[in-house]
Amino acid sequence: MSATLPSTALSLNTTDADPQETQEWLDALSAVIEKVGPERAHFLLEQLISNSHRAGINIPYSANTDYINTIPVAQQPRMPGDPELEHTVRAYARWNAMIMVLRANRNDSGLGGHIASYASAATLYDVGFNHFWRSPTEANEENNTTFKGGDLVLIQGHSSPGIYSRAFLLNRISEEQMDNFRREVDGKGLPSYPHPWLMPDFWQFPTVSMGLGPLQAIYHARFMKYMQDRNLADTTGRKVWAFMGDGEMDEPESMGAIGVAGRERLDNLIFVINCNLQRLDGPVRGNGKVIQELESDFRGAGWNVIKVVWGGYWDALLAQDKTGLLHKRMMECVDGDYQTFKAKDGAYVRKHFFGKYPELAKMVEHWSDEDIWRLNRGGHDPQKIYTAYAAAMVHPGQPTVILAKTIKGYGMGPSGEAQNITHQQKKMSRDSLKAFRDRFKLPVKDDDIEKLPYLKFAEDSPELAYMRARREDLGGFFMKRRRAVEPLPVPALTAFDALLKAGGEGREFSSSMAFVRALNVMLKDKAIGKRVVPIVVDESRTFGMEGLFRQIGIWNQDGQKYVPKDADQLMFYKESKDGQILQDGINEAGAMADWIAAATSYSVHGVQMIPVYVFYSMFGMQRTMDLVWAAADQRARGFLIGGTAGRTTLNGEGLQHEDGHSHILAGTVPNCMSYDPTFAYEVAVIVQDGLRRMVAEQEDVFYYLTVMNENYEHPAMPDGSAEGILKGMYAFGKGAASNGPRVQLLGSGTIFREAMKAAELLRNDWGVESDLWSCPSFNELARDGQDCARWNLLHPMDKQRVAHVTACLTDTRGPVIAATDYVRLFAEQIRSFVPRRYTVLGTDGFGRSDTREQLRHFFEVNRYWITLAALTALADDGQIERSQVAAAIAKYKLDVNKPNPVKV
């Protein structure tokens, strides 16, 4: 290390009024660094800054360092292993990843694929596979080993071809699979991106919906601390690695929770950002420096930042930079310049980078243009990457972000290297392929180039032996996923007996409270109680869950360092190191990421957990649907509870709070079982079924329940109704035997109670009998009907299957009317399976604030509108006179000029 710091490195933008004094200060600092060490120098600088603040010198803090590597050459550890063998392995992986995409797009198939992302990130992954990423090991009684969880690695989605390519070299993926990249329908191919649903033994995390990988990684790391503190899993030493691109960091989800990671001191978390300076259309920050920008953001959020900007070929030049002029030039150039440099050649770099200052030009005057062109970026230098990874592994008390500068399309030459079009490149010219082959010294003959051959190592080759040895040292193959663990016994339905019985006359409570009682049954169960993870977003009191504060506590790895204001109350706010509740503040996306971490714990940690995320229904599915879809992809298991649900049930809140469509969104997710229960016994049956399927039988499904905050009496469960509840429809009550007009009234949630009142009006005012059908899930009814219709389509000569809706209604009389607190589309789904005239009422339109009575009238779903719909259907069927419909309008004072709620 130089004993003299260059004065020009101090500031590039200010004029030095006294250079001699400045140099004296710098010489003093250099002496401290040289004789005592950098730690002492850092302490002195901090003292100077602190004293200057106390003196009133309020100089803004800068989180940026020079545009050079964070770790100096003198502190680089020696990289173990065989660098030559690793280089060959990387070259083969690069080639096969490229060939896989090119083959997929032969004959203009239009299947797509991405070459450039992995081309830029290959070294970042290879160093991890060879030296850092530990695979989980299973329990083995014979050699007395116990299960140990490995590291979690969230692969950048666009880099999937390279991960497949490496697996192919290890004979874990066949050539047939490689040739069927992006041809997944027949089950022989490989998914375009990391998709656990489509490749359940290989991929662990879906990450190609950009921004979700970084967000989920943070909460996986946090959940590992939670599991450790609660003695549910030993996560000591395990790391969460998340790979992403610099362009991806523009997604709000990518950066939105970095403060959480800093605040929670997640030193088990490592971000690796591939800074190839280029997004899909052009530069990430053409006029700036994305690495410097990210350094400032992460350092300000409390992260340890390691920059890997320059490769080893720059080391000699940087060591010669006694005046700091090279540092200055590196800072002057913006990312747009650096992209242009790598799209040109050595002569261009000599002229436009070094040529600006004669002193810099002199530094390389004896270098050839090829020598200058060889100056590499840090993200392509295995030694520099190894150094950064090793430092991140041992850094305590902070998460680490590694900012690695690379070239997008590295090796693609004129077909895409460092060019704006590179992300979309699916084809390469013969000349580019030959140049790629020559650059990486690959054994492909000229005559074979256009055949696009894959490369494999011989079984007895040193390269294959090396790859296997490196993985064996780290616990085995890495890209693998656990699908099941030991099942747990779950409470029988009788454990929820209090919810199955009638609540008693005058005893009113909400379905939200019914669910809280079911949750308490789960929490008190000896087998699964400790596995339940209640998750809330600062709304526990809204849902009547504050009693859990004292009962099971809110997890905080620091415990509770303060005395809460309500410490003298029964349900005080209790934080503890072994608390069970995850309280995420006002952060739906973070809570959903928490839920995913718990919902996939069976696979990630080998420990079944039962997450229960309770949220405002309007702020769940709608706000975090991308995460819900990611959860479905990675086979999550758990409960999502949409509280204060429905468009008219949440009175007084207004348009942006009133949910009329979350079930429509839930219905789009194939493995989401969604229910809108009315009564406590329905809640109990659904929850117990969820536990059976997810925990005992380990099905890859999850449950969404909507529960309301409206208090009313709850009847006992009708005999034999459990099966119908789960299928989505059962007979709640039959009207009196009669030869007169009759209707079938369907409903869910609180609006089913309006249907019950409508049945009374129809009988008392119009002599019409009604059969009542509770429909806890129109979504499940629709799926069942569609499945039957498909089977019948394909089996015309067999006995035709009958949809559950059809079976329920076939032997009944009269038109069918359905009403819910959701948009009409929710109940419309079953129209083709209803055997007679079908009328649907729903809450289409914007929500608004008012009383429940007013809202239900406004949206035309209350008892009077249901009665009117029933009478109209009877009149349309010729069973009553239309004059009775007109009489009902007058009797119930329904305004015929009332605006359509959809249009106001």
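Guide: Axes here are lines fitted to C-alpha atoms, for helices over the stretch in contact, with angles running from 0 to 180 degrees between N-to-C directions; helices themselves are DSSP runs (H or I, at least four residues) numbered from the N terminus. The model is predicted, so local features need pLDDT of at least 70 and side-chain atom pairs count only at pLDDT 80 or more, while totals for chains, interfaces and linings use all residues. Residues are numbered from 1 along each chain as its sequence is written, and side-chain values use heavy atoms, leaving out hydrogens and water.

Helix 7 (residues 212-229) packs against helix 23 (residues 588-599) at an angle of about 60 degrees, the axes lying 8 Å apart. That angle makes helix 7 oblique to helix 23, the class left over once angles under 35 degrees count as roughly parallel, over 145 as roughly antiparallel and 65 to 115 as roughly perpendicular. The crossing of helix 7 past helix 23 is right-handed, meaning that the near helix is turned clockwise from the far one by less than a right angle.

In contact (heavy atoms within 4.5 Å) are Leu215, Gln216, Tyr219, His220, Arg222 and Phe223 of helix 7 with Ala589, Gly590, Ala593, Asp594, Ile596, Ala597 and Ala598 of helix 23. By class, this contact of helix 7 with helix 23 has 8 nonpolar, 3 polar and 2 charged residues, where Ala, Val, Leu, Ile, Met, Phe, Trp, Tyr, Cys and Pro count as nonpolar, Asp, Glu, Lys and Arg as charged, and the others, Gly among them, as polar.

Technical notes: Helix = DSSP H or I, 4+ residues; strand = E, 2+ residues; numbered from the N terminus.
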